[in-house]
Amino acid sequence: IAGADVVVVAPDGNRSGSSHASSTGTSVIVKEVRDGDRIVGYGISGFPADAVRFGILALGGDRGFDLVVSGINRGANVGTVAHLSGTVGAAMEALYLGVPAVAVSQDRGSTDYTLAANLTADLVGRLTPDGLPAGVVLSINVPSDDPDEIRGVVGVPMGGSYLDMTGYDRADASTGVAGTYVLNRGGSTDFEAGTDSSAYADGFITITPLRFDWTDPPAIDLVNRLGLTVPGR
C-alpha cells in the first residue's frame, strides 16, 4: 500500500515445513541486512514465527503494527499442507500477538513475485476500511507469475493435499529400528471439487480464511457425554 511503513524480518535461512515452531526458551541472533548504509531488513536465527514475534515485540515500539504479511513464500500452501507451513505459522503467530495477518505463497516454479505482491497490496487495501476478520488468517496462493496463465481469483475452503507421505526408506545398513531413514513423499493431483487444492490446480489464485481457534464445538458435547471422572477420587 502506498505510503505504508514496512519493517522486514525473516529467518536467516530456509525453514520450510516448520509450521508454528518457535525458539521459545532459547536465544536468537539478529543481524542487520543492509543496502549500502541503509538497513533494509533483519535476519533472525530462528523460525518464521520467531521473525514475526521479534518484529512485533522488539521493533514495534509504542506505535505497533497494523498488519503482518507473511511471505511471499516459494511453494504453494494449499490444502492441509497449510498445517505444515512456516509461512502460515508465522501469520498465526501475528494473530497470537494481536496483529491481523495474511500469508502469501506462490508456485515453486515461478520466480517473479510482482503479481503476487500487487494482488496482496490490492487485497489489503480493499479490506482496510473494515479490517481483517478477527482471529482469521487469509492464506493466499498464487499458481503462476504470468497473468495470462491465471483464470481468476476465488475464495475457497481448505481441502486436499498435494503431498503424500508414503513411508520411510532405510538409508543405512544397520539392523533393528534404530538407524537413518529418508521420508518418501509423493505428489497428488486428485482433489475434491470446490477446495483450494482443486482451484489452485485449475489455475486460480485461491484465498482461504484459516481460523486461529481450532475448536470443534460439536465435539465438546461428545467429550462431556463420556462421563469421565478423576482417577483415584
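Here is a chat about the strands, salt bridges and backbone details of a predicted model.

Q: Before we start, what are the ground rules for this one?
A: This is a predicted model, so to speak of local features we need pLDDT of at least 70, side-chain atom pairs count only at pLDDT 80 or more, and totals for chains, interfaces and linings use all residues. Residues are numbered from 1 along each chain as its sequence is written, and side-chain values use heavy atoms, with hydrogens and water left out.

Q: Great. In what order do the strands of the open three-stranded sheet come?
A: The order is E1-E3-E2, with mixed pairing. Strands here are DSSP runs of E with at least two residues, helices are runs of H or I with at least four, and both are numbered from the N terminus. Two strands pair if DSSP finds at least two bridges between them.

Q: Which strands stand at the edges?
A: Those are E1 (9–11) and E2 (30–35). Each has a single partner strand, so one side of each is left without a neighbour in the sheet.

Q: And how are neighbouring strands turned against each other?
A: By 35° on average, direction ignored. The axes are lines fitted to C-alpha atoms, for helices over the stretch in contact, and angles run from 0 to 180 degrees between N-to-C directions.

Q: How many bridges join E2 to E3?
A: Six, and E2 runs antiparallel to E3, which covers residues 38–44. Valine 33 stands opposite glycine 41 in E3.

Q: Which helix lies across E1, E2 and E3?
A: That's H1, residues 48–59, running at about 150° to E1.

Q: Switching to charges: how many salt bridges are there?
A: The count comes to eight, where a salt bridge is a side-chain nitrogen of Lys or Arg within 4 Å of a carboxyl oxygen of Asp or Glu. One of them pairs arginine 63 with aspartate 5, at 2.9 Å from N to O. Arginine 63 lies in the loop between H1 and strand E4 (68–74) and aspartate 5 in the segment before E1, so the pair ties together parts that are 58 residues apart in sequence.

Q: Are arginine 63 and aspartate 5 buried or exposed?
A: Arginine 63 is exposed at 68% relative accessibility, and aspartate 5 is exposed at 57%. The cut-offs for relative accessible area are under 20% for buried and over 50% for exposed, with partly exposed in between (1.4 Å probe, protein chains only).

Q: What does aspartate 122 form a salt bridge with?
A: With arginine 126, the closest N and O atoms being 2.9 Å apart. Aspartate 122 is partly exposed at 37%, while arginine 126 is exposed at 64%.

Q: Which residues are linked in a salt-bridge network?
A: Asp50, Arg53 and Glu93 are.

Q: Now the backbone. Where is the cis peptide bond?
A: It joins glycine 71 and isoleucine 72, with omega about 20°. Isoleucine 72 is found in strand E4.

Q: What is the phi of serine 19?
A: Serine 19 has a positive phi of about 50°, although it is not a glycine. Its place is in the loop between E1 and E2, and it is partly exposed at 25%. For context, most residues other than glycine have a negative phi, and most peptide bonds are trans.

Q: Let's look at E5. How many of its residues are buried?
A: Six of the six, residues 101–106, so E5 is largely enclosed by the rest of the structure. Ala101, Ala103 and Ser105 point one way, and Val102, Val104 and Gln106 the other.

Q: How does E5 run with E4 and E6?
A: E4 and E5 run parallel, joined by five bridges, and serine 70 has alanine 103 of E5 as its bridge partner. E5 also pairs in the parallel sense with E6 (residues 136–142), over six bridges. There, alanine 101 has valine 137 as its partner.

Q: Last one: what is glycine 203 in contact with, its sequence neighbours aside?
A: Leaving out neighbours within four places in sequence, glycine 203 is in contact (heavy atoms within 4.5 Å) with Pro143, Glu149, Ile150, Arg151 and Gly152. Its C-alpha is 5.2 Å from that of isoleucine 150, 53 residues apart along the chain. Glycine 203 is buried, at 12%.
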